[in-house]
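Colleague: Could you walk me through this structure while I have it open? I would like to ask things as they come up.

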Amino acid sequence: MHLHPIKTVEDLQFYVATAIQLEHATIPPYLTAMYSIHPGTNKDAYDVMRVVAIEEMLHLTLAANLMNAIGGTPDLTQKGFVPSYPTYLPNGETDFEVGLGKFSLETIDTFLNIERPPLPTNSKKNNATSNLGLLKTQRTKKMLIPTFKSAEGDELHFYSIGEFYKAIGEGITKLTEELGEKNVFVGDPDKQITPEYYYSGGGEIIPIHNKKSALAAIRLISEQGEGHEGGIFDYEGELSHYYRFQQIKLGKYYHKGDEPNDPSGESMPIDWDAVYPIQSNPRIEDFENVLELKKAAIDFNLFYKNFLKQLTNSFNGKPDQLISAVGGMFRIKEMSYQLMRNPINEKEKTTGAPTFEIDLV
Amino acid sequence: MRHKNRIVDHKTAFAKNYDVVIVGSGISGSIIAKELSKKGYDILILEAGPGKDLTLSGYEKYLNNFYSAVSKDNNAPYKRNPNAPMPRSVDVKKLESGKPNTDSYLVQNGPFISDFTYSRVVGGTTMHFESKTPRMLPEDFNILTRYGRGLDWPLKYEELMPYYRKAEFEMGVSGDVSSQTFSNEKAYEDGYVFPMQEMPPSYLDQCVAKKVNGTKINIAGEIRSLKIRTFPQGRNGIPNEDYKKFNNGELFRPVGAVSQHQAEEGERCQGNNNCTPICPVQAKYDARKTLAQALESGCVDILTRTVASRVVIDPVTQKVSAIVCKSYKDLDSKEYTSETITAKLFVLAANAVENARLMLASGLNSSSDLMGRNLMDHPYLLTWGLLPEIAGTTRGTICTSGISDIRNGDFRTEQAAFAVDIHNDGWGWATGSPTTNLEDIVDNKNKFGKDLRNELVHQISKQLLLANMVEMMPDPCNRITVNPKYVDQLGNPRPIVTMQIPEYTMKGIAYARQMSRQIFQRLGAEDYSVYGTDDYGYVKYKGEGYAIRGGNHLAGTHIMGTDATNSVVDAKQKSWDHSNLYLVGAGSMPTIGTSNTTLTLAALCFKSVDAILEDLKHLHSSKQISNQL
């Protein structure tokens, strides 16, 4: 299956399904890095990652609203929805992999890649083949979702999440022009998640009923990730995810008015050693010799599977289930700590971690 | 709530000309600063506390102090500060006859010894309050005329209604207006709802309601039926769709954690159990949320580690010309500098005890001699029992429901009204549980491991504590005074408390005790309430003894009234004696009914803002004229 430019409502639904998967795919890596930090240490870095993770939840919910608005069915329970880490991102970026790893400089570099802004137009010139932000790159591994194929048969990939959303926005504009807005936004408005059920300070949930609200949601997602018009802040004046993570890498806070890559705020103390030495990209089979760990890892996956089920229900006409689903995230944290505080075996220094192998349970 | 860093150093503060100087950054001071800053006035807030709490990490230090403290009293999160001491319940001792208790910050004369506290940190006492926000009842405003008790207010409930709405918006109230039916008069506008839906009642509340709802009681010959209802609270919940018409068509937007960086926290209550003193996620309102908005305006500076020490009056105009303040170096240091700050207008917003203490320390007893008098609080009687079945005690927030049916009625001619909280944190307030339970199970019952855990659950999740909050009327003999003999480290006089529980209140307390017995009977609960004669709050009344606790709802010390002979301030909280001075907060309240004072004092401050803006306009134009001359 290949992505191709959006021509039909089905195409649009496929893109939005990918968006939902994409937004979710960032959450396990962020949670793993956050919870690997010894509680009470690295407070500033923890808070930075926490805010990003919460906004990813917002993006996931916005993508679900968009799916409902265009008459699709958000489904977080289908096989393969949770990628097998390490993985490429579902939007087709293939020059880096995203894995589950402890809080480290290397992990922060991956996070920077996830949230990277589009390349400046001039440096993209030679490689980009369309205005969609696609790059011609060599794929090395089987993709979760095969990527874009150009008319000439070249394999093309989105360079950034923002550009992927830009393609969705253009698809919506095109379809509403061709079919009329009412024929695109055919979804049941009662399925929209509204601010009563979801709110956070970094941008409100937007119920989507038409082109205008759809594009507003897309703008919010892109700019929270990558900033507004190449700046480091989004249009609400909040620092974008990319530059938030960069603060951890550089050990310094950005202030209003700062230029990219040159934060001028107070320093952010980081202790890279106050971290549980968790195994990267763990699998259940890694815990074969430690039955308690194995059981805890399976319990975690069962719980997480149920969490995704609750989210799916809440996105399908039972919005009140969102409140208890979010409440369940306390348990995700607790269960993560349980795994991360216990060694895999006596000799090795590494400890357990959630495997997120949801399809195995 | 994100905000600018506006903590200024001394040099900056004393070099600047401020329009208004506000003493105290609690809810009163923060509301007034925020509202005046909208009009561009330059404001300085003097704050006695260390001021390290306007960041997320500063707040989290408070949390960690609380978690690691042996005593979980209301001021446990805040380090002891000899330069701006605060009362702590752990310091309270039984009165020895013939001499006052003098060895902690509050000097207590008795005869009643109260363990009331307040907090002297940024955000004031909202930094430990529980955040219940019931309005006072229309009947409370003319209780003297109506029931021959207490004092009438110089303003009517209707006049305060629009300001109550502002206060409910500011504090982000969650609650159910339709259950607030204790008044026989119109208490809310038609169709009014609180900004957010009610906090869901705890499982314990539901267990109690099942058996108690419908219970008939006889109060001074009147038969009433009890009903468990939720309290309105300043705590973030689910925004109410119907509130849009009271908020320019917008859904209410909850205000989250205070931080200099984006925090994404505190937008919704998570059901933690230590609302008092400190919410781990900042879903509970505290005045820093209002202060942060004031600071964000860019017109408000805050000078911390600075204690207002003396109010200076111009002998000709009788206006306040300056405030002398003492700035200390840090908590552990005796070093301080003394400086004088001037402004056009001054607002004392330091709380009922500290406002009076400062005025009295400045020799300003007021022409009515009422400064510091009429000290009120809500005396609490705790009653506790063990339920026959597990009721999930400690699951969820500290208190969501209670009994308010006895807040009003003709019985108030005879005895005090009261309200009852169902405490969801077990017997802690009365007995020190769960620590005391743990000690008993380990030391006396020799349990360990799984048995210990089971026994703990068994004992704690059946605990029911009722906190009966009883009305207390103003009495000029209950008062705050000062004496140069008793001073703190900076040489500021300490408050001396003289307090007696009036018989009217004792009648209410005795009735509350009886009603608890009836409730426990209905629930099949074993009554474990005991009040020892060695308890510092022990009071004997008609053959029965009661241990009474302070409610921290201090009020009345600069009471408002209709003229300079019967009060300290007018209905706008403006001093009768000094035309550029406002004394704000619960100290202005002539009565407190059965409402936790914060919401009402917040409403009064919104009302004062209108008057202060009017004054500033005049001060500004008279200054222009004098410049032209």
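Modeller: What follows is a conversation about selected features of the structure shown above.

Modeller: Before we start, this is a predicted model, in which local features need pLDDT of at least 70 and side-chain atom pairs count only at pLDDT 80 or more, while totals for chains, interfaces and linings use all residues. Residues are numbered from 1 along each chain as its sequence is written, and chains are lettered from A and ligands numbered from 1 in the order in which they are written.

Colleague: Okay, chain A then: how many helices and strands has it got?

Modeller: Chain A has 12 helices and three strands, where helices (H or I, at least four residues) and strands (E, at least two) are DSSP runs, numbered from the N terminus. Of the 361 residues in chain A, 45% are buried, and a residue is called buried if 20 or more other C-beta atoms lie within 10 Å of its own, exposed if 12 or fewer, and partly exposed in between, with the C-beta atoms placed from the backbone.

Colleague: And what share of the chain A contacts join residues at least 24 apart?

Modeller: Among the contacts in chain A between residues at least 6 apart in sequence, that share is 68%; two residues are in contact if their C-beta atoms, placed from the backbone, lie within 7 Å.

Colleague: How many residues does each chain bring to the contact between A and B?

Modeller: Chain B brings 14 residues and chain A brings 14 residues. On the side of chain B that touches chain A, there are six nonpolar, four polar and four charged residues, where Ala, Val, Leu, Ile, Met, Phe, Trp, Tyr, Cys and Pro count as nonpolar, Asp, Glu, Lys and Arg as charged, and the others, Gly among them, as polar.

Colleague: Switching to chain B, at what angle do H2 and H7 cross?

Modeller: Helix H2 (residues 27–37) and helix H7 (residues 288–296) of chain B have axes that come within 8 Å and cross at roughly 30 degrees. That makes H2(B) roughly parallel to H7(B), since angles under 35 degrees count as roughly parallel, over 145 as roughly antiparallel, 65 to 115 as roughly perpendicular and the rest as oblique. The axes are lines fitted to C-alpha atoms, for helices over the stretch in contact, and angles run from 0 to 180 degrees between N-to-C directions.

Colleague: Which residues meet there?

Modeller: From H2(B), B:Ile27, B:Ser30, B:Ile31, B:Ala33, B:Lys34 and B:Ser37 meet B:Thr290, B:Leu291, B:Gln293 and B:Ala294 of H7(B). By class, the residues of this contact are five nonpolar, four polar and one charged.

Colleague: Is H7 mostly enclosed or open, and what covers its buried residues?

Modeller: Eight of the nine residues of H7(B) are buried, so H7(B) is largely enclosed by the rest of the structure. The cover over those buried residues includes H2, helix H5 (157–171) and strand S7 (300–303) of chain B. After H7(B) comes B:Gly298, which has a positive phi near 85 degrees.

Colleague: New topic: where does B:Val208 sit, and what does B:Val208 touch?

Modeller: B:Val208 lies in helix H6 (residues 203–212) of chain B, and B:Val208 counts as buried because 25 other C-beta atoms lie within 10 Å. Leaving aside residues up to four places away in sequence, B:Val208 touches B:Ile228, B:Ile422, B:Leu464 and B:Leu523.

Colleague: Last one, which strands does S17 pair with?

Modeller: Strand S17 (residues 496–499) of chain B runs parallel to strand S3 (residues 107–111) of chain B, joined by four bridges, and antiparallel to strand S16 (residues 479–481) of chain B, joined by three bridges. B:Ile496 in S17(B) stands opposite B:Val107 and also opposite B:Thr481.

Conventions. Pairing = 2+ DSSP bridges.
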